[in-house]
Amino acid sequence: VVIFYFLLIRPQMKEQKRRKEMLGAVKKHDRVITNGGIHGVVVAVNDMDVTLKINEGNNVRVKFTRSAIATILQDENAAEKA
């Protein structure tokens, strides 16, 4: 039982905690990728939904649930300043 806990349950709990923190940290102007592979920039955030701008030229905006966000991309400007 102890081995099972350390090999399966504990890593899964850590991953869930990391994901929850990442989704809670989403803010306006973040570059994100959704679970469906759509790249966009966050233009609005509320409790359950996130609105992404996915096309600059046509100003295309799409609303997703927060849980649809797979990852937050690092800003190139922030990386250069660090």
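For the chain, the mean pLDDT is 88, and 90% of residues reach 70 or more. This is a predicted model, in which local features need pLDDT of at least 70 and side-chain atom pairs count only at pLDDT 80 or more, while totals for chains, interfaces and linings use all residues. Residues are numbered from 1 along each chain as its sequence is written, and side-chain values use heavy atoms, with hydrogens and water left out.

The largest nonpolar core has ten residues: Met22, Leu23, Val26, Val32, Val42, Val50, Leu52, Phe64, Ala68 and Ile69. Such a core is a set of buried Ala, Val, Leu, Ile, Met, Phe, Trp, Tyr and Cys residues joined through side-chain atoms within 4.5 Å; buried means under 20% relative accessible area, exposed over 50%, and partly exposed in between (1.4 Å probe, protein chains only). Helix H1 (2-24) and strand E3 (49-55) each give two or more residues to this core; helices (H or I, at least four residues) and strands (E, at least two) are DSSP runs numbered from the N terminus. Beyond four places in sequence, the contacts of Ile69 include Met22, Leu23, Val26, Val32, Thr34 and Val50.

Thr34 lies in strand E1 and is buried at 4% relative accessibility.

Asp30 belongs to the loop between H1 and strand E1 (31-34). Asp30 is also buried, with a relative accessible area of 11%, and it touches Ala25, Gly40, Val41, Val42 and Ile72, residues up to four places away in sequence not being counted.

Methods. Contact = heavy atoms within 4.5 Å. pLDDT = per-residue confidence, 0-100.
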